[in-house]
Amino acid sequence: MSRINKNVILALLTLTSSAFLLFQLYYYKHYLSAKNGAGLSKSKGSRIGFDGTQWRTVKKFIMLTSSQNVPVFLIDPLILELINKNFEQVKNASHGSASECKFFCVPRDFTAFALQYHLWKNEEGWFRIAENMGFQCLKIESKDPRLDGIDSLSGTEIPLHYICTLASHAVHLVVFHERSGNYLWHGHLRLKGHIDRKFVPFRKLQFGRYPGAFDRPELQQITIDGLEVLIPKDPMHFLEEIPHSRFIECRYKEARAFFQQYLDDNTVEAMAFRKNAKELLQLAAKTLKKLGVRFWLSSGTCLGWYRQCGIIPYSKDVDLGIFIQDYKSDIISAFQDAGLPLKHKFGKVEDSLELSFQGKDDVKLDIFFFYEETDHMWNGGTQAKTGKKFKYLFPKFTLCWTEFVDMKVRVPCETIEYIEANYGKTWKVPVRTWDWKRSPHNVQPNGVWPVSEWDEVIQLY
Amino acid sequence: MDDWKPSPLIKPFGARKKRSWYLTWKYKLTNQRALRRFCQTGAVLFLLVTVIVNIKLILDTRRAISEANEDPEPEKDYDEALGRLESPRRRGSGPRRVLDVEVYSSRSKVYVAVDGTTVLEDEAREQGRGIHVIVLNQATGHVMAKRVFDTYSPHEDEAMVLFLNMVAPGRVLICTVKDEGSFHLKDTAKALLRSLGSQAGPALGWRDTWAFVGRKGGPVLGEKHSKSPALSSWGDPVLLKTDVPLSSAEEAECHWADTELNRRRHRFCSKVEGYGSVCSCKDPTPIEFSPDPLPDNKVFNVPVAVIAGNRPNYLYRMLRSLLSAQGVSPQMITVFIDGYYEEPMDVVALFGLRGIQHTPISIKNARVSQHYKASLTATFNLFPEAKFAVVLEEDLDIAVDFFSFLSQSIHLLEEDDSLYCISAWNDQGYEHTAEDPALLYRVETMPGLGWVLRKSLYKEELEPKWPTPEKLWDWDMWMRMPEQRRGRECIIPDISRSYHFGIVGLNMNGYFHEAYFKKHKFNTVPGVQLRNVDSLKKEAYEVEVHRLLSEAEVLDHSKNPCEDSFLPDTEGHTYVAFIRMEKDDDFTSWTQLAKCLHIWDLDVRGNHRGLWRLFRKRNHFLVVGVPASPYSMKKPPSITPIFLEPPPKEEGAPGAAEQT
């Protein structure tokens, strides 16, 4: 009897379990199709380039954007590089003569496009239509940094990135926002909690690791591989911008805290100085840009940006840094042409060069040239009376973009190290009396200029 | 699972087949008993585990699927998640079918609690008098609208009738009286209360207390009332406790076609009440207007900042008129809300616009002024390429040709440095003093109420020295100060392109509105071609004024200018009158004249170098202040300027009049 029971139990168990197995299979299928976005990264060997999946995805994407009036242009570094190499050929190619797929079929993980957000009219319906066309889209939003500078505003979030996949190829749509200072900004691609981290191999994205800033490019229409796309008119310039496009936002919150502690100076003189300094900086930036010389905010101007997102009203000058390898001999004449006469010139190109120009209303523009050593950077100072030399040491740094008084300018990315080297750990406390020979934390005596050289290295006007 | 036993009633189908297959397999192993035992237990264990795992899996998928079904658009689950947060899942397990509602009415305090949550509490002194009305969603118990109608004061009962009529049938209505709610509760309102089923409402008397809960168009769910025993005392406080049965969500919602617009509409209508036909199930009023595009629109890319507070109904009316104006570009519109109010944000979202909330800084007019500053700064940050911004307020109607008017005139701001702004509002443009939609003026005052601000003016002059939060100044008064205006002028139309309809405001009340704003003329003609726009430039305007004065007929200065007969009964003539004005800031006679003309007389508006231009009886009427105005030389020597004396002191005029 017990044997039979056992057998019956066994049989029943088998039966139920096989029934369950069937269920499982059935549901699993459903489960998969509901979550099919996840399938992409898992599907191995999508035979890149061979069957033109990339081309077809891009084609569909372009169809979508042109039908929905989504103002996009191509920024994919790989493809722009190819276009740039074959620029003449691309320009001359007549429409439709796409015998072979040269650009959009190149093996790659993503195709990157930029979206000009300010030209976009119908944001709302777009997503749904993309999905109806078969795209799986991911939208990454964040708060609007343009409102950060203002006390206490909170807006609706703005889109920063879209990633749309179709047939195992993904289009990365980087949303470019207009910022004050005539440049385009894109945000950091930050994956929030609810986002499927395996949606695409995010690490391989070309944009979004950091926020970025670009000059507003002029665009042109070209036809490649039978597809009409907009690309920057000067692809070379755009490509050169990419590696140095990292953008850092001013620390508005900290700046507000600073002003709560120390109060802003709103006297007429302070306002006048800020206005003049701003104009001087704008003029300097324009002049240097024309020459193609990189510069960054240095010393007090940099501190003002970092600490209070503005110009320190009692600083009395504008300080810029330039790498000595970027030095051009026509800098002085260019500034003079711009209406800024040379006030003094210390040092020489080989050693401790420093230029000072006279702006209007007694605001001075100081340009310090930075020299690179194996483990640090430095710039020099010279005391006119004695011919004494000084050296200011900084840890090595790279350059980032930021926005300052309605301008896109560079600052050291490693700002805190830079500022602490210069002003010490107490940089947060305003200091009104400043002796450039003694106050900085990183100043070192550096000997004396030989008297024979004084005529060259100490020029006062 | 442990005590699972096969039911003897169910003969497993297929067991036999299974069994024979099992037997053949079993006999192969028969010779090794131990091994067989082992295999058997192994098999049983394995099967048990499979069963458990599978059941778990099924349960999991079930749950996942039901969750997905709850959420109609899984791909938009970010937005949805936000929406879901709003709907309170009452007390955990499943939807509750009954709400308990408490309503309290008394002289100095009212409160309403729904399921123990206080949704209204007002015990402030000297505030919140009248009938408080709350609308609940009949399916969720959500508060959809909260209003107070001060029916002690005139006309408030009309607003209440309007509001109650707009509430969709089926909604739960809660009314409670604070202090006094009957003095100006007229018959229409009482009839409406009767139609809601109220017994006490229609009979509400002086200083009675009253609490009412009912369904719109349905049964009364509870009512309590206490009569005031004497004129000088109040009714006893009443506390009404009642259960409100909830209906199903199906009933509470409309079934509109599934479009993007209707999704917005749906989100809006399930949250708030009191917007009338926009939420009507049958024939909802459109929320997209697509007005005709404006040919050669010069203001298409000019950002529009709408400055708003917590007056969502005003905002709704304002945005409707704005979005219906020819040449509007919705993507350039940003609504700045002073405070973290939800309902104005809902209105903004209904129209698919951008809304930005602003943490209030400071108090009273300084708060408004800080809100303006933040909004203007943000506007130029969001649209860094813009050279101008249009500034609007939430209590304005916008004329159909508002953008056309700006498009035709905006080049003046670029070309003429002596201009401060272009405004759509003529302070002196009343029904009886404005006539010509194609005519523009230059005035030394800044009218506001729909105006264009130049970015350079804001960024270089105004922003750096904007009044700080501790200064209790009106931003517009500040902007009118000579230090800011620096002799520059504004362009205004004869007939205003905006209409100020707000009667509730910081410095505004019903009486003030009726006296100074209600009879303002407002252009309703589309596509008006402005005349001779370039003659508004500094020098050209002087030529124009001189021409006008030369051809103007001098009025009979012996007559009383306040008399209607001061101007002849003609049409299309130009007349001039000279009044006494000793110095640039002597407006004694003008103020008296303005008073008797029934135009703005609280301060001086609309003047240009001692000249005022308006219309009387369809004639262009010029008033020149002699001898301060440079146009005094046009005065014939025989004419003595009119002098009007101010009435003997009984100054009680409201101080600085508001334009906000």
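This is a predicted model: local features need pLDDT of at least 70, side-chain atom pairs count only at pLDDT 80 or more; totals for chains, interfaces and linings use all residues.
**View 1. The disulfide between A:C137 and A:C164.** Across all chains, the structure contains 7 disulfides. In one of them, A:C137 is joined to A:C164 with an S to S distance of 2.1 Å. The link is right-handed, with 115° about the S-S bond. A:C137 belongs to strand β3 (residues 136–142) of chain A and A:C164 to strand β5 (residues 158–166) of chain A, so the bond ties together parts that are 27 residues apart in sequence. A:C137 is buried at a relative accessible area of 13%, and A:C164 is buried at 1%.

**View 2. The disulfide between A:C250 and A:C309.** The sulfur atoms of A:C250 and A:C309 lie 2.1 Å apart and form a disulfide. Its torsion about the S-S bond is about -110°, so this disulfide is left-handed. Distant parts of the chain are linked here: A:C250 sits in the loop between α7 (235–241) and α8 (252–262) of chain A, A:C309 sits in the loop between α10 (299–308) and β12 (317–323) of chain A, and the two are 59 residues apart. A:C250 has a relative accessible area of 6% and is buried, whereas A:C309, at 23%, is partly exposed.

**View 3. The disulfide between B:C254 and B:C281.** In chain B, a disulfide joins B:C254 to B:C281, with 1.7 Å from S to S. The link is left-handed, with -75° about the S-S bond. The pair connects distant parts of the chain, 27 residues apart: B:C254 is in the loop between α6 (249–252) and α7 (260–269) of chain B, and B:C281 is in the loop between α7 and β10 (304–308) of chain B. The relative accessibility of B:C254 is 12%, which counts as buried; that of B:C281 is 43%, which counts as partly exposed. When bonded cysteines are counted along chain B, its disulfides follow the pattern 1-4, 2-3, 5-6, 7-8.

View 4. A:C302 is buried, with a relative accessible area of 0%.

**View 5. The buried strand β6 of chain A**. Strand β6 (residues 169–179) of chain A is mostly covered, with 11 of its 11 residues buried. Both faces of β6(A) are covered. On one side the buried residues are A:H169, A:V171, A:L173, A:V175, A:H177 and A:R179.

**View 6. Pairing of β6(A) with β2 and β5 of chain A**. Strand β2 (residues 110–116) of chain A runs parallel to β6(A) and is joined to it by 7 bridges. Within this part of the view, A:L115 has A:V175 of β6(A) as its bridge partner. β5(A) pairs with β6(A) in the antiparallel sense, over 6 bridges. Here the partner of A:I163 in β6(A) is A:H172. β5(A) and β6(A) form a hairpin with 2 residues between them, and A:A167 in the turn has a positive phi of about 45°.

**View 7. The hairpin of β6(A) and β7(A)**. Strand β7 (residues 183–186) of chain A is joined to β6(A) by 3 bridges, and the two strands run antiparallel. The bridge partner of A:R179 in β7(A) is A:Y183. Between the strands of this hairpin are 3 residues, and A:G181 takes a positive phi near 120°.

**View 8. The annotated span, residues 289–329 of chain A**. An unreviewed UniProt entry lists residues 289–329 of chain A under "domain: LicD/FKTN/FKRP nucleotidyltransferase". In the model, the end C-alpha atoms of this span lie 15 Å apart, and the span is 32% helix and 22% strand.

Note on methods:
Residues are numbered from 1 along each chain as its sequence is written. Chains are lettered from A and ligands numbered from 1 in the order in which they are written. Side-chain values use heavy atoms; hydrogens and water are left out. UniProt positions are given in the numbering used here, feature names are shortened, and annotations may be inferred rather than shown by experiment. Helices (H or I, at least four residues) and strands (E, at least two) are DSSP runs, numbered from the N terminus. A disulfide is a pair of cysteine sulfur atoms within 2.5 Å. Buried means under 20% relative accessible area, exposed over 50%, partly exposed in between (1.4 Å probe, protein chains only). Two strands pair if DSSP finds at least two bridges between them.
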